[in-house]
Amino acid sequence: MISRGLAKAPLEAADALGTEDAIKIVRLRSLSDQPVLFEEIYVPVGRFAGFEKLPEVAFGPLLYPVYFERYGILVKRAIDEVSFGQASEAIAKRLRIPINAPSAQSS
């Protein structure tokens, strides 16, 4: 996990959450020490109050167990929409790939 904190959700996320008052979670996922996935996740403050203040030891490699154990929210299903484009400078840096390299993006 790179960061987490209070934020205003972008329009698409705010529509899905029903609020723009969110906690933004930024993560970098790796396989064999190679970054493969850069994520920006938004969760509603009203359902995850205090998430941004949890100690680092509260987190393992997966967020769903934290959602359930701390907030009683069981994620039974998730749908990701994947599109392809070019890596922005920020994403390219995190994934250690060239700027504008082909990349998949999910939402």
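# Salt bridges and aromatic pairs: worked exercises

K8 is exposed, with a relative accessible area of 54%; exposed stands for over 50%, buried for under 20% and partly exposed for what lies in between (1.4 Å probe, protein chains only). The model is predicted, so local features need pLDDT of at least 70 and side-chain atom pairs pLDDT 80 or more, while totals for chains, interfaces and linings use all residues. Numbering runs from 1 along each chain as its sequence is written, and side-chain values use heavy atoms, without hydrogens or water.

**Exercise 1.** Which parts of the chain does the salt bridge of R4 and E56 link?

Solution. 
- Step 1: in this salt bridge the closest N and O atoms of R4 and E56 are 3.0 Å apart.
- Step 2: R4 sits in strand β1 (residues 3–8) and E56 in the loop between β3 (34–44) and α2 (64–71); the pair links distant parts of the chain, 52 residues apart.
- Step 3: R4 is buried because its relative accessible area is 16%, whereas E56, at 54%, is exposed.

**Exercise 2.** Describe the surroundings of R27 and its salt bridge with E39.

Solution. 
- Step 1: R27 lies in strand β2 (residues 21–31). R27 is buried because its relative accessible area is 8%.
- Step 2: leaving out residues up to four places away in sequence, R27 touches M1, I2, L37, F38, E39, I41, P61, L62 and L63, where contact means heavy atoms within 4.5 Å.
- Step 3: E39 is also the salt-bridge partner of R27, with closest N and O atoms 2.8 Å apart. This pair links distant parts of the chain, strand β2 for R27 and strand β3 for E39, 12 residues apart.
- Step 4: E39 is buried, with a relative accessible area of 17%.
- Step 5: elsewhere, salt bridges with shared partners join K8, E20 and D21 into one network. The whole structure has 5 salt bridges.

**Exercise 3.** How many aromatic pairs does the structure hold, and how is F48 paired with F51 and Y67?

Solution. 
- Step 1: there are 7 aromatic pairs. Rings of Phe, Tyr and Trp (its six-membered ring) pair if their centres lie within 6.5 Å; planes under 30 degrees apart are stacked, over 60 edge-to-face and the rest tilted.
- Step 2: F48 and F51 are edge-to-face, at 6.5 Å between centres and 90 degrees between planes. Both residues are buried.
- Step 3: F48 and Y67 have ring centres 5.0 Å apart and planes at 65 degrees, so this pair is edge-to-face. F48 is in the loop between β3 and α2 and Y67 in helix α2, 19 residues apart, and the pair links these distant parts of the chain.
- Step 4: relative accessibility is 5% for F48, which therefore counts as buried; Y67 is buried at 6%.
- Step 5: F48, F51, F59, Y64, Y67 and Y71 make up one aromatic cluster.

Conventions: Helix = DSSP H or I, 4+ residues; strand = E, 2+ residues; numbered from the N terminus. Salt bridge = Lys/Arg side-chain N within 4 Å of Asp/Glu carboxyl O.
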